[in-house]
Amino acid sequence: MATPLEKWVEEQAKLTKPDKIYWCDGSEDEARRLIEIGMKEEKIGDVPIFQELNQKSWPNAYYHRSHPTDVARTEHLTYVCHPDKEVAGSNNNWMHPDEAKEKMRKLSDGCMKGRTMYVLPYMMGHPDSPYAKACIQLTDVSYVAVSMRIMTRMSKEIIEKIGTREDFVKGLHSVGDFDPNKRFIMHFPDEHLVWSIGSGYGGNALLGKKCFSLRIASWLGFQEGWLAEHMVILGIEDPKGNVTYVTAALPSACGKTNLAMLESALPGYKVWTLGDDIAWLNVGPDGRLWAINPEAGLFGVAPGTSMKTNPNMLKTLKAANFYPTLFTNTGLDIDTNEPWWEGLDGAVPKNLIDWQGKVWDSSSNSKAAHPNSRFTVSINNSPTLSKEFDNPKGVPISAIILGGRRTQLIPLVTESFNWQHGVYLGAQTGSETTAAAAHQVGQLRRDPMAMLPFCGYNMGNYFQHWLNIGKKLTQPPKIFSVNWFRVDDEGKFIWPGFGENIRVLKWIVDRVHNRVKAEETPLGLVPDMRDLETGGLDISKEKLAKLFEINAESWKQELQDIEKFLNQFGNRTPSEIWQEHKKLSEQFNNNGERGGA
């Protein structure tokens with residue numbers, strides 16, 4: 001008798017009509033076969049799915065060029081389909097589940113004709129972890145099958161783990177005909193289902209990534225009492241060998257991956273990588289907050305990655321491992337058959353083809369690598385991988401860091417007064433857009449906890465959920481705000497960033513262990529300058545002071561903008577958040593003192 005899983009696969013095959021069905025087992029031999037298929041049999045237009053790169057300088061690396069219309073997450077075509085629109089909230093595009101399914105059935109009818117349906121059994125999290133989830137994705141392209149093997153724990157054992165259960169996470173994906181007008185990513189949180197068509201790009205097609213591990217998982221966490229967060233997880237080791245584990249939520253273009261793999265500029269301090277993108281946070285049996293990284297790979301933006309900005313990532317990309325490494329939409333050096341992108345070390349190669357396969361002219365205004373070009377690589381390649389990465393229990397979190405990209409206003413580092421105040425700091429987080437984003441440069445985009453595009457339900461309820469989690473914790477992590485991006489009067493960054501960020505992390509660790517005191521400001525607690533390790537830095541006292549400057553007049557305007565943002569979630573924005581907002585407003589408007597810190 002067929003299991004619920006087998007029945008579901010059969011139903012999807014009837015709809016999509018593939019030529020054949022292949023059940024993946026996640027083995028090394030299979031990965032090689034899938035690469036071969038992608039090089040010799042499957043194509044996008046006339047271009048093979050995979051091209052082998054220079055194996056001497058980039059071991060086990062392959063190149064993929066996506067469809068020219070398919071190079072980024074498509075937020076405007078991404079829907080969260082709760083039966084009630086109010087549950088989805090203003091932070092999500094909404095469509096009724098019945099309407100969404102009817103639309104997707106029409107688009108998916110026969111969409112896999114002439115192709116193979118790959119059945120991918122995978123685990124988000126270590127299979128032995130009480131916090132892990134068993135999942136199945138169906139896809140019709142080897143690029144997704146190989147990428148999912150890198151990014152997740154894929155094996156045939158997951159099929160046994162699912163057994164006769166019906167509540168496994170389901171993902172149905174097809175590239176369709178890449179028509180942007182027929183491209184949709186639909187989420188059905190109550191059914192633990194993601195249905196995607198028309199795109200082969202990472203976040204739209206690797207359904208274990210943002211789709212499940214954030215949008216669906218955030219809803220699961222809301223129902224089950226845990227948090228699915230867009231956060232890095234890292235361990236900070238001090239000179240005595242003690243490791244303190246922290247998470248950090250930073251929106252795009254704020255240096256998340258660089259932070260996760262940071263090469264410390266302070267002697268005796270090391271950073272250990274546990275994850276660069278996603279953290280699942282559970283209240284442990286001991287009442288502490290425990291984090292696991294549900295992923296097993298790194299999916300990062302290539303441009304700007306170099307030995308200066310992220311030496312450990314370059315080492316990761318060049319490490320030999322039985323997991324393949326994929327480069328998507330970078331430039332290609334014709335002479336050496338190596339990937340290339342803007343910001344990579346060394347001279348610009350003489351003979352390059354760009355991400356669309358055209359000969360690239362360095363005097364043109366165009367980029368050889370697409371600004372969102374990517375690498376997909378196993379986290380096991382990382383020289384900074386924490387020995388706790390595979391611990392099924394995860395790691396205990398002592399601090400949560402919330403950051404954004406602001407040229408003024410927000411101090412370099414601020415500690416919240418308490419958990420409730422920390423949630424308020426996270427709720428108002430914002431970033432000024434950069435040239436790489438699809439918005440006007442310098443425009444402020446609020447992105448609470450870096451989760452605005454990924455929260456699978458109303459953000460007002462999300463803030464309440466954070467507050468509720470805090471009440472369950474016997475030792476809640478301290479919450480900090482960071483901003484590496486303040487500029488001086490000439491528009492130049494004051495803080496050097498990158499490896500020097502260890503100095504801020506050191507202060508955070510010192511605060512966690514009560515080694516140093518802090519000074520109170522209306523925004524939170526900031527370092528006594530004597531406790532912030534600045535030896536060897538070329539920053540004047542005046543510029544250092546500017547990193548912590550609080551301008552009351554500018555903050556009055558900022559508070560109006562925060563109020564407007566919080567109002568969009570209506571009566572679902574918790575009263576505790578408004579309490580914190582009122583306290584801060586009163587201080588700047590009346591120069592009053594904060595009570596109860």
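The solvent-accessible surface of the protein, computed on a predicted model, amounts to about 23,900 Å². With regard to burial, 61% of the 597 residues of the protein count as buried.

The secondary structure of the protein comprises 16 helices and 32 strands. The radius of gyration is 24 Å, close to the value of 25 Å that the globule rule gives for 597 residues, and the protein is therefore as compact as a globular protein of that length. Along the principal axes, the C-alpha trace spans about 70 × 55 × 45 Å. Among contacts in the protein with a sequence separation of 6 or more, 73% are accounted for by residues 24 or more positions apart.

The packing of two helices was examined at the residue level. Helix H11, formed by residues 419-427, and helix H16, formed by residues 575-590, have axes that come within 9 Å and cross at roughly 85 degrees. Because angles of 65 to 115 degrees count as roughly perpendicular, H11 is described as roughly perpendicular to H16. On the H11 side, the contact is made by Gln420, His421, Val423 and Tyr424; on the H16 side, Glu576, Ile577, Gln579, Glu580, His581 and Leu584 take part. Classified by residue type, the contact of H11 with H16 has four nonpolar, four polar and two charged residues.

Notes
Residues numbered from 1 in each chain as written. Predicted model: local features only at pLDDT ≥ 70, side-chain atom pairs only at ≥ 80, totals over all residues. Heavy atoms only, no water. Axes fitted to C-alpha atoms, helices over the stretch in contact; angles between N-to-C directions. Helix = DSSP H or I, 4+ residues; strand = E, 2+ residues; numbered from the N terminus. Parallel < 35°, antiparallel > 145°, perpendicular 65-115°, else oblique. Contact = heavy atoms within 4.5 Å. Nonpolar A, V, L, I, M, F, W, Y, C, P; charged D, E, K, R; others polar. Rg over C-alpha atoms; globule rule 2.2 N^0.38 Å. Buried < 20%, exposed > 50% of the residue type's maximum accessible area, 1.4 Å probe, protein only. Areas by Shrake-Rupley, 256 points an atom, 1.4 Å probe, with all protein chains shown as cover.
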